[in-house]
Amino acid sequence: MLRKNIIWFCLLIGVMVTACSISYKFNGASIDYTKVKTISIKDFPNQAPLVYPPLSQEFTEALKDIYIRQTRLQMVNNNGDLELEGEITGYELTPMAVKEDAWSSQTKLTITVRVRYSNRTNPDEDFEQSFSAYREFDATRMLQDVQAELCTEIIDELTDQIYNATVANW
């Protein structure tokens, strides 16, 4: 009898746990999906004086990906309810910390992107703004050795900044 009661108790707990789950989503989006259904993101050409060839495509794809993953918006080529366009305006290396022998010990890679955002359902939210992010690396390393990794990290930060500025409404 005791064994039967334990089995029933375990079954009851199992049903309660699976039936009463709480789910939180922390993507920060505050989109009225009854009005806003589509987004179009144009390619961001690289117009920086110093050019890293894959940057334009990697940035554009990462920007599209964050909206696809974190919203229910349908990606369209043109005339979306929300539109993002712009260009990469800066790709700069800056020497940072200087050692006693007057050589730099750290170098900072900064990427800057100008974004034009249009919201066809609420034009008051339209803006044009520049976003930038950077990462530092040891100056004893060659840029070619760290460039891909640093760009990925910077792109992730930039896309988060742009996403938050456009649909998070914090």
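**Close-up views of a predicted model**

**View 1. Strand S1 (residues 38–41) and strand S3 (residues 82–95) run parallel and are joined by three bridges.** Opposite Ile-39 stands Leu-82 of S3. This is a predicted model, in which local features need pLDDT of at least 70 and side-chain atom pairs count only at pLDDT 80 or more, while totals for chains, interfaces and linings use all residues. Residues are numbered from 1 along each chain as its sequence is written, and side-chain values use heavy atoms, with hydrogens and water left out.

**View 2. Five strands form an open sheet in the order S2-S1-S3-S4-S5.** The pairing in this sheet is mixed; two strands pair if DSSP finds at least two bridges between them. Strand S2 (74–75) and S5 each have a single partner strand and stand at the edges, so one side of each lacks a neighbour in the sheet. In the chain as a whole there are three helices and five strands, and from the N terminus on the elements follow the order α-β-α-β-β-β-β-α.

**View 3. S4 is paired in the antiparallel sense with S3 and with S5.** S3 and S4 are joined by 13 bridges, and Glu-92 stands opposite Thr-110 in S4. Between S4 and S5 there are 12 bridges. Glu-136 in S5 is the bridge partner of Lys-108.

**View 4. The largest nonpolar core holds 37 residues.** Such a core is a set of buried Ala, Val, Leu, Ile, Met, Phe, Trp, Tyr and Cys residues joined through side-chain atoms within 4.5 Å. The members that touch the most others are Phe-59, Leu-63, Tyr-67, Leu-84 and Ile-111. At least two residues of this core come from each of S1, helix H2 (55–70), S3, S4, strand S5 (127–138) and H3. H3 gives the most, with 10 residues. Of the 170 residues of the chain, 36% count as buried.

**View 5. Ile-111 is found in strand S4.** Ile-111 has 1% relative accessibility and therefore counts as buried (under 20% relative accessible area with a 1.4 Å probe and protein chains only; over 50% is exposed, and in between is partly exposed). Leaving aside residues up to four places away in sequence, Ile-111 touches Leu-55, Ile-88, Gly-90, Tyr-91, Phe-131, Ser-132, Ala-133, Cys-151, Ile-154 and Leu-158 (heavy atoms within 4.5 Å). Cys-151 lies 40 residues from Ile-111 along the chain, and their C-alpha atoms are separated by 8.2 Å. Across the chain, 69% of the contacts with a separation of 6 or more are between residues 24 or more positions apart.

**View 6. Asn-79 sits in the loop between S2 and S3.** The phi angle of Asn-79 is near 55 degrees, a positive value in a residue other than glycine. With a relative accessible area of 55%, Asn-79 is exposed.

**View 7. The largest pocket is lined by 14 residues.** A pocket is an open set of points on a 1 Å grid over the protein atoms alone where a 1.4 Å probe fits, with protein on both sides within 12 Å along at least five of seven lines, and lining residues have an atom within 4 Å of a point. Asp-32, Val-36, Asn-119, Thr-121 and Glu-125 lie nearest the centre of the pocket. Strand S4 (106–119) and helix H3 (143–168) are the elements that give two or more residues to the lining.

Conventions. Helices (H or I, at least four residues) and strands (E, at least two) are DSSP runs, numbered from the N terminus.
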